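Here's a quick walk through some charged pairs and nonpolar packing. Keep the structure open while you read.

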Amino acid sequence: MALIAYDQGDAAAFEATRHLSDDGLAGWRAAITRHLDPGPGARLLDLGCGTGSWATAFQGWWPDAEILAVEPSAAMRERAVFRPVLAGDAGHIPLGDASLDAVWLSTVIHHVPDLEAAARELRRVLKPGAPVLIRSAFAGRHGGITLFRFFPEAVAVLDRYPSVAGVEAAFAAAGFTTAGLEPVPQTSAPSLADFATRLRRAAHTPLQLISDDAYATGVARLHEAARTDVGPVIDALDLLVLR
């Protein structure tokens, strides 16, 4: 897939707008801990960590675990709030065989060009039975995501993302089975007005890949709705767990 190669502008936009607040993280912490409870010395990898917000959260949640981070984009690594971040990607993880207790991928799977190769590499670095936790918007599952309400043209981009079934099939070839799939609600913004003000096209792959006219129309649609909408923006992305 590899839809976007993040440059400095993309990385800056991502850092400025895509980090969730503590309220936004709360639902994810609850969902993750249903599948993962790292004890002292457990090694958890944030693969495709971007600017490191998830690795930082994990370090706070599980201070006795060893949190590792890998990111292919030099621009993202330079801006990471977590240190150190190793250079690497889903097909080339710079860690030893059977050295990890879990791997986390957040909004990464659509950037992976060869899912079967990634699954084999993940099988290599994970201990037997250890989970892969994938947070993503998947093809055909956009109904709970605010962005697509205002930018319907972006649904066609999402439909190019891997589907749940496609990911499951690719990972099954490496011996993984599905341990869980659930939509996880998150508070993405305190209000639609805040969401509109903070929106950056460069931070969202689907918005980068629609036309300028479609983007401008969506922005106008969003700002109009923000004049009357009240309450927080609640989105739901999926958590797919494979073992």
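Is Arg149 buried, partly exposed or exposed? With a relative accessibility of 49%, Arg149 counts as partly exposed; here buried means under 20% relative accessible area, exposed means over 50%, and partly exposed is in between (1.4 Å probe, protein chains only).

## Before you dig in

This is a predicted model, where local features need pLDDT of at least 70 and side-chain atom pairs count only at pLDDT 80 or more, while totals for chains, interfaces and linings use all residues. Residues are numbered from 1 along each chain as its sequence is written, and side-chain values use heavy atoms, with hydrogens and water left out.

## Arg149 and its partner

Arg149 pairs up with Asp229 through a salt bridge, at 3.3 Å from N to O. A salt bridge here is a side-chain nitrogen of Lys or Arg within 4 Å of a carboxyl oxygen of Asp or Glu, and by that rule the count is nine.

Arg149 sits in helix H6 (residues 146-150) and Asp229 in the loop between helix H11 (212-226) and strand E7 (233-242), so their bridge ties together parts that are 80 residues apart in sequence. Helices (H or I, at least four residues) and strands (E, at least two) are DSSP runs, numbered from the N terminus. Asp229 is partly exposed too, at 31% relative accessibility.

## A network around Arg124

Now for a linked set: Asp97, Glu121 and Arg124 form a network of salt bridges. Arg124 meets Asp97 at 2.6 Å, N to O. Since Arg124 belongs to helix H5 (residues 115-125) and Asp97 to the loop between strand E3 (86-87) and strand E4 (102-106), this pair ties together parts 27 residues apart in sequence. Arg124 also bridges to Glu121, at 2.9 Å from N to O. Those two both lie in helix H5, three residues apart, or about one turn of the helix.

## The nonpolar side

A nonpolar core is a set of buried Ala, Val, Leu, Ile, Met, Phe, Trp, Tyr and Cys residues joined through side-chain atoms within 4.5 Å. The largest one has 52 residues, and Trp28, Ile32, Trp54, Phe58 and Phe151 touch the most other members. Apart from that core lies another, of 31 residues, including Ala90, Val103, Val112 and Ala130.

Take Ile32: leaving aside neighbours within four places in sequence, Ile32 is in contact (heavy atoms within 4.5 Å) with Trp54, Phe58, Trp61, Trp62, Trp104, Leu133 and Leu239.
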